[in-house]
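Dear colleague,

Here is the structure that I promised to pass on to you. Please keep it open beside this message while you read what was found in it.

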Amino acid sequence: MKRSRFSRRSKQTPDVETLCNLAQALGLSSSRIEDTFWETRLIALIDALLEADEETALNAALDHLFQTGERGYDNLADLVESRSESRTGESTGEFDLLLIAAPILAWSRYSIPSGPLSAEILNNLRVQLQAHILTTQVRLTLADVLFSPDQLPQTYCDTLRLTKKLGRAALQQQNDHIDPATLPETISFLSDTRYLLGVVAVPRGEAIFRWQESDGNRDIAFRHWQTQGGEALKPALPACAFELLPPSSYHAACRDADRQSRPHALRAALAFLQATLNVMPDQIRAVIAPFHDQRLEEYRIGMTLGDSAQVVHGVVWPLLEAEDESSDIPAQIEATLKEAGVVQVMQLEHRFPLEYCDDCGTPLYPNPDGEPMHAEVPEGRTSEIPRHLH
């Protein structure tokens with residue numbers, strides 16, 4: 001979940017001005033004691049705005065600090081995220097609450113499932129999380145839904161509402177029901193991310209995660225979760241290849257999934273072409289090009305067979321967080337392709353407009369001649385290329 005914000009005019013209300021002033025003061029703080037002074041006041045205002053559903057003021061303050069480059073942006077963003085995904089003992093009495101996410105990277109020639117999870121699958125996942133990721137004193141509730149990115153909370157206020165809803169169930173040590181009718185429709189992609197969401201409740205100040213304990217190990221905990229949690233998740237993702245990412249606090253897990261989904265999409269595309277067109281990665285040529293709107297927005301990778309100029313598949317690599325034209329993204333993309341076995345990689349340097357097909361809305365991908373074009377299978381080759389590609 002990228003923090004970089006698009007420029008737009010924001011009305012400077014008293015709340016926005018106060019948020020900016022407090023965040024800037026926190027950014028200039030010279031001691032932990034002073035940090036606490038500013039944080040206490042900033043948290044009180046953030047909480048009041050979240051409770052009042054005043055998302056506009058929070059976003060306006062973040063936009064202003066980001067656009068002006070003033071100190072305090074990261075501090076404000078961290079606190080807004082924290083206050084929307086957690087409740088501490090001050091407000092809940094004896095327990096700290098934290099919204100967590102367990103991301104799953106998946107790809108399939110068919111539709112990647114999302115939506116309701118059976119009670120059996122949910123209980124098995126809960127057992128594995130409590131066995132390998134969480135400490136013994138944690139109370140856990142899981143939402144009975146496998147979320148697609150389209151179905152995640154869209155605002156900080158939405159995130160807080162979900163934290164509170166699941167938090168109430170966590171205190172009762174029960175799973176929580178989400179009405180599927182309230183969730184947006186999921187767009188189907190070849191490769192995509194799914195999320196298991198839940199809230200943990202722990203006695204105030206106690207450890208939440210296994211690696212916080214003296215005998216805990218983060219890497220071992222993750223490996224056990226990938227193995228055992230993966231087995232528990234198999235019935236929910238039929239005909240899918242998938243990889244479990246480390247469970248973490250909600251916003252951190254979503255950002256990690258955004259980063260990891262980009263190389264995963266490339267690997268999934270190559271596996272898909274191998275399965276459907278019977279071609280190996282070393283028979284594929286990849287063309288990397290930058291696509292701009294007002295500024296650089298993403299790189300697109302067109303894939304051709306051998307020396308052909310026809311793009312048979314394409315992948316979008318969006319920019320995240322502080323990435324821009326100075327970031328060496330093409331080198332990252334090329335390294336990922338070569339690790340996967342692609343030998344021929346072209347990098348085009350001139351700017352491409354951020355174009356999509358007027359008829360179907362799919363992205364256009366670069367071919368070796370520098371032409372944006374549709375991804376289409378050549379005549380005589382059969383395939384099941386999905387309409388929407390990552």
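Glutamate 321 sits in the loop between β10 (311-318) and α10 (329-339), where helices (H or I, at least four residues) and strands (E, at least two) are DSSP runs numbered from the N terminus. Although glutamate 321 is not a glycine, it has a positive phi of about 50°, and with a relative accessible area of 29% it is partly exposed; here buried means under 20% relative accessible area, exposed over 50%, and partly exposed in between (1.4 Å probe, protein chains only). Asparagine 278, also not a glycine, has a positive phi of about 55°; this residue is found in the loop between α9 (250-277) and β8 (284-292) and is exposed, at 68% relative accessible area.

Please bear in mind that this is a predicted model, in which local features need pLDDT of at least 70 and side-chain atom pairs count only at pLDDT 80 or more, while totals for chains, interfaces and linings use all residues. Residues are numbered from 1 along each chain as its sequence is written, and side-chain values use heavy atoms, with hydrogens and water left out.

Helix α8 (residues 218-233) has 16 residues and reaches 21 Å from its first C-alpha to its last, close to the expected 22 Å, a span taken as 1.5 Å times one less than the number of residues. Asparagine 217 caps the N-terminal end of α8, with a side-chain oxygen 3.0 Å from the backbone nitrogen of aspartate 219. Among the buried residues of α8 are Phe222, Trp225 and Leu233, and the buried residues of this helix pack against β2 (95-107), α6 (119-132) and β6 (241-244), where contact means heavy atoms within 4.5 Å.

The count of salt bridges (a side-chain nitrogen of Lys or Arg within 4 Å of a carboxyl oxygen of Asp or Glu) comes to 21. One of them joins the side chains of lysine 164 and glutamate 51 at 2.7 Å, N to O; this pair links distant parts of the chain, with lysine 164 in helix α7 (residues 156-171) and glutamate 51 in helix α2 (residues 32-51), 113 residues apart.

Glutamate 334 and lysine 338 also meet in a salt bridge, at 3.0 Å, N to O, and both lie in helix α10, four residues apart, about one turn of the helix. An α-helix has 3.6 residues a turn, so residues three or four places apart point the same way. Elsewhere, salt bridges that share partners join Asp47, Glu51, Arg83, Arg87 and Lys164 into one network.

Note on methods: Polar contact = N/O pair within 3.5 Å; in protein donor to acceptor, adjacent residues only side chain to side chain.
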